[in-house]
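Me: Got a minute to go through the charge pairs and the core with me? Here's what I'm looking at.

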Amino acid sequence: LVLLPLAFGALGVLWLAETDRRTKATERRKELRAALAQMLELTSIMLAGGAGPETALEEAATRGNGWGFRQFSTELARARNNPNMSPFMALRNLGIRYGVGELEEFGNVMILSSENAATVRQALEDKAMLIVMRDHEHVAAQGLAVGRDERGLLVVFDVAGQQGRRAVAGGLHPQHAGQCV
């Protein structure tokens with residue numbers, strides 16, 4: 001009879017621990033989705049500024065803050081050090097590991113289009129736009145549109161400013177003097 005309350009107590013502790021674990025996992029997935037949307041926004045800006053797809057993706061991953069961006073940077077660094085893994089495979093694997101379908105889908109689309117650089121660029125831009133729009137719709141539906149992206153927007157403006165400065169500097173370079181009219 002004494003063991004029955006102990007057994008129920010142990011089950012209660014296990015249930016609470018599992019509930020806490022699931023709640024934290026859900027929060028991590030949300031954070032990874034939001035970071036993906038921000039990273040792809042930055043990637044699109046860098047692509048518009050003339051960066052190559054992989055360079056833009058890797059640079060964008062280093063620009064953000066938080067757990068999600070650290071995961072992206074770590075996975076992209078792992079891919080850089082593994083000749084058998086593309087950055088897109090690394091991101092797909094990250095999506096699989098954390099159960100983030102958007103990230104897994106993004107990686108798969110990019111892997112399939114990676115045979116042609118122009119296709120990669122277009123696929124990256126298209127997928128980025130779709131994921132960013134989904135993120136904005138989700139944020140608006142949650143009533144979180146104000147204030148949520150302050151830090152992310154600052155990063156976007158910083159990157160856009162750098163890309164603009166590079167374009168102007170490239171345009172003012174003596175080699176391009178005839179092109180600047």
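Me: What does Arg 28 form a salt bridge with?
Reply: Arg 28 pairs with Glu 31, and the closest N and O atoms are 3.8 Å apart. A salt bridge here is a side-chain nitrogen of Lys or Arg within 4 Å of a carboxyl oxygen of Asp or Glu. Bear in mind that this is a predicted model: local features need pLDDT of at least 70, side-chain atom pairs count only at pLDDT 80 or more, and totals for chains, interfaces and linings use all residues. Residues are numbered from 1 along each chain as its sequence is written, and side-chain values use heavy atoms, with hydrogens and water left out.

Me: Where do Arg 28 and Glu 31 lie?
Reply: Both are in helix H1 (residues 3-48), three residues apart, about one turn of the helix. Helices are DSSP runs (H or I, at least four residues), numbered from the N terminus.

Me: And how accessible is Arg 28?
Reply: Arg 28 is partly exposed at 36% relative accessible area, and Glu 31 is partly exposed too, at 32%. The cut-offs are under 20% for buried, over 50% for exposed and partly exposed in between, with a 1.4 Å probe and protein chains only.

Me: How many salt bridges does the structure hold?
Reply: Seven. One of them joins Arg 80 and Glu 58 at 2.7 Å, N to O. That pair links distant parts of the chain, 22 residues apart, with Arg 80 in helix H3 (residues 67-80) and Glu 58 in helix H2 (residues 53-63).

Me: What about Glu 75, buried or exposed?
Reply: Buried, at 4% relative accessible area. Glu 75 also meets Arg 78 in a salt bridge, 2.7 Å from N to O. Shared partners join Glu 75, Arg 78 and Arg 97 into one salt-bridge network.

Me: Switching topic: which residues touch the most other members of the largest nonpolar core?
Reply: Met 39, Leu 40, Leu 57, Phe 72, Leu 91, Leu 103 and Phe 106, out of 29 residues in that core. A nonpolar core means buried Ala, Val, Leu, Ile, Met, Phe, Trp, Tyr and Cys residues joined through side-chain atoms within 4.5 Å.

Me: Which helix gives the largest share?
Reply: H1, with nine residues.

Me: And what is Leu 57 in contact with?
Reply: Leaving aside neighbours within four places in sequence, the contacts (heavy atoms within 4.5 Å) of Leu 57 include Met 39, Leu 40, Leu 76, Pro 87 and Phe 106.

Technical notes:
Helix = DSSP H or I, 4+ residues; strand = E, 2+ residues; numbered from the N terminus.
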